[in-house]
Amino acid sequence: MSERFSIPEVVAQTTIEVHGAIGAEWLRNLPSLLAECEQRWSLTIGPPFPNLSYNYAARATRQDGTTVVVKAGFPDREFKTEAEALRLYAGRGAVQLLDADVEKGALLLEHITPGTLLSTVQDDDEATSIAAQVMQQLWRPVPANHPFPTITDWAKGMARLRKEFNGGSGPFPASLVDRAERLFEELLSSMREPVLLHGDLHHFNILSASRQPWLAIDPKGVVGEAEYEVGALLRNPSPEIAIRPGLRQVLSRRIDQLAEELGFDRARLRDWSLAQAVLSAWWSYEDHGDGWDVSIAIAENLVPIEC
């Protein structure tokens, strides 16, 4: 039965790059896990979706003919906080979590239809406004004794960057790394009341839906002030955004629009997005050794934007 399941090469590659030998072991057991999901949830799993990266996901058909989505990923802390974030969202602004086995790394999700990506919306102002509306649906108070990391935890990646390069900045522009460190220190020390954030809300994680006009998928689940959320949106759709004509103007216009629609300070949005872009570049280097060029391009174009 398990021979029916093909694991996309990119999913296998990224799982091993990030998790090493234990990731490889989890991959070997993945077909058996998917077969177990079929039996447990009384469904038949179809081919995996195209363009997957870190996780396996496929549409599945239940015995009554309705469709759902089975998502499987290495059961690390991030996978578990995704499940918890979806449970707290309870379908408001996000895909509905129907069931889960977080210890094994399996989620049963609502099948979003038609499921068109926000990246297909050609009008950038319209796409930005849609994203802002989804953000506002998702943010909610932080529950007591929550399992989520904080953006302070995430910012510790900058210390790992310095350690990796013996106090230097490696392939990253030294001025950008210096600036990101200063911004994190300033912004973290002056945060307003934190909320539960999606943590990776961008054009490929917002889909058109029938239940609501647009729904988010793949939340990281992180705690911090709401202004932090816009950083991922400014870096996307990637990699196309990096070669878009007039990139600096595009970013400046998005910041203006988000500040107005969300009621945020323009300078704070720029600063969070700049610091986060450098951190994102480091994460790409840390996980894969490459793939950080777009984030650095965004950071470089955010620097001269006046607020």
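## Burial and overall form

A residue is buried when its relative accessible area is under 20%, exposed when it is over 50%, and partly exposed in between (1.4 Å probe, protein chains only). By this criterion, 53% of the 307 residues of the protein are buried. This is a predicted model, in which local features need pLDDT of at least 70, side-chain atom pairs count only at pLDDT 80 or more, and totals for chains, interfaces and linings use all residues. Residues are numbered from 1 along each chain as its sequence is written, and side-chain values use heavy atoms, with hydrogens and water left out.

The protein contains 10 helices and 10 strands, which are DSSP runs (helices H or I, at least four residues; strands E, at least two) numbered from the N terminus. The C-alpha atoms fill a box of roughly 55 × 45 × 40 Å along the principal axes.

## Aromatic pairs

Rings of Phe, Tyr and Trp (its six-membered ring) pair if their centres lie within 6.5 Å; planes under 30 degrees apart count as stacked, over 60 as edge-to-face and the rest as tilted. The count comes to 12 aromatic pairs. The rings of Trp-26 and Phe-74 are edge-to-face, because their centres are 6.4 Å apart and their planes stand at 75°. Trp-26 lies in helix α1 (residues 9–41) and Phe-74 in the loop between β3 (67–72) and α2 (77–89), 48 residues apart. Trp-26 is buried at 10% relative accessibility, as is Phe-74 at 16%.

Trp-154 and Trp-283 also form an edge-to-face pair, with ring centres 5.3 Å apart and planes at 90°. This pair links helix α4 (residues 151–155) with helix α9 (residues 266–288), 129 residues apart. Trp-154 is buried at 15%, whereas Trp-283 is partly exposed at 26%.
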